[in-house]
Amino acid sequence: MKPNALLALLSDRRIHSGESLAKELGVSRTAVWKQIKRAVSEGLEVKTIRGQGYQLVSTLDLLDRDRILAALPEECRKLVALTTLSEVGSTNAEVARQLVSANGLVPIVLADAQTAGRGRRGRNWSSPRGENLYLSLGLTFRGGFEVLDGLSLVLGVAVARALQSLGADDVGLKWPNDLFARGQKFGGILVEIQGELQEGQVQVIAGIGINVHMKEAPGIDQPWTSLAGTWPGRAWVRNDLAAAIIDEVVSIVNVFESGGFEAFRAEWQARDIFFGQPLVAREGTLAGRGAGVDNTGNYQLETEAGLVSVRAGDISLRVVP
Ligand code: BTN
């Protein structure tokens, strides 16, 4: 039995007898009961109604490959090879495996849960089942490593655009590509460069994590939010989010390949949450005010010695006493 098949049947939130579920899934009633127990242990609320069967109480937002593909415009659909998984270590690692035999398509992997979700700078990425979006795309660029300047910022612009098209107004970006709303992080992008192939082709994995429904996350050590927490008026559906982001990333990559970061700089700048703010960088050794990005995507600080560009690492708000 596929892990999501039972939940898909229960997702209408009606009462289903153990017998009818077993019949539809082609398994024993004991197997159904075991899966229900597993779903409950993973946090779903399922009522057992004596003499009648099971009823799902929680709202479910299941990943559905067909629905994502159907929501993509035709010209994007034919460029991608989409995989949805119930669970994986990291969607980035899975895309790295698939890139080897990509055959000119963009390999894309989504998972309901990650057991070893990775964040920037070696951090973990909290990836509870069914709560958030864990999405990775394998992108190939012509022109060697130098064409990648600013790519990670451009990906932030693509995701912000996609979310805005679904009703998230006011999405901010924190350099290089954290997604912020009202001062709190709700998403991040991990860009991993795979290496140069023949004829200057470079492969890059873009891993996108968006907190969608998550209400609790004991392991996160900074203020965070989710789409549902910030924009509660909308019914956030992970399949729709995935389709909008995939479409935006695939089309932006083409423009980026020909026009570089310059074509996106103003848009990134307009979303910069640090502009004009007192900041520190380089492990606290550099202080200045946020002055936006230069034309290769480095962040600039206005310091006492003039403009200084920061290429890597974290930038954070300076606590002014
Ligand atoms: C960050 O630290 O802000 C980047 C987080 C990126 C998380 C995503 S979730 C999908 C993909 N798979 C991973 O293991 N990480 C990225």
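Tutor: We begin with a term: contact means that heavy atoms lie within 4.5 Å. Please keep in mind that this is a predicted model.

Student: Which residues does Thr115 touch, leaving aside residues up to four places away in sequence?

Tutor: Thr115 touches Glu87, Val88 and Gly89. Each of these therefore has heavy atoms within 4.5 Å of heavy atoms of Thr115.

Student: Where is Thr115 found, and what makes it buried or exposed?

Tutor: Thr115 is found in the loop between strand 5 (106-114) and strand 6. Its relative accessible area is 57%, and exposed means over 50%. Thr115 is therefore called exposed.

Student: How far apart are Thr115 and Arg129 in sequence and in space?

Tutor: Thr115 and Arg129 are separated by 14 residues in sequence, and their C-alpha atoms are 9.4 Å apart.

Student: Let us turn to helix 7 (residues 151-165). How do you know that its span agrees with its number of residues?

Tutor: The expected span is 1.5 Å times one less than the number of residues. For the 15 residues of helix 7 this gives 21 Å, and the end C-alpha atoms are 21 Å apart, so the two values agree.

Student: Why is helix 7 described as largely enclosed by the rest of the structure?

Tutor: Buried means under 20% relative accessible area. Twelve of the 15 residues of helix 7 are buried, so the helix is largely enclosed. Among the buried residues are Leu151, Val154, Gly156 and Leu163. Helix 7 is followed by Gly167, whose phi is positive, near 115°.

Student: How many residues surround the ligand, and which are the closest?

Tutor: The ligand is surrounded by 20 residues, and the closest are Ser90, Gln114, Arg118, Arg120 and Lys185. By class, this shell has six nonpolar, ten polar and four charged residues. Strand 9 gives the most to the shell, with four residues.

Student: How much of the accessible area of the ligand does the protein cover?

Tutor: The protein covers 99% of the 420 Å² that the ligand has on its own.

How values were computed
Residues are numbered from 1 along each chain as its sequence is written. This is a predicted model: local features need pLDDT of at least 70, side-chain atom pairs count only at pLDDT 80 or more; totals for chains, interfaces and linings use all residues. Side-chain values use heavy atoms; hydrogens and water are left out. A residue is near a molecule or strand if one of its heavy atoms lies within 4 Å of it. Accessible areas come from the Shrake-Rupley method with a 1.4 Å probe; for residues, only the protein chains shown count as cover. Helices (H or I, at least four residues) and strands (E, at least two) are DSSP runs, numbered from the N terminus. Ala, Val, Leu, Ile, Met, Phe, Trp, Tyr, Cys and Pro count as nonpolar, Asp, Glu, Lys and Arg as charged, and the others, Gly among them, as polar. Buried means under 20% relative accessible area, exposed over 50%, partly exposed in between (1.4 Å probe, protein chains only).
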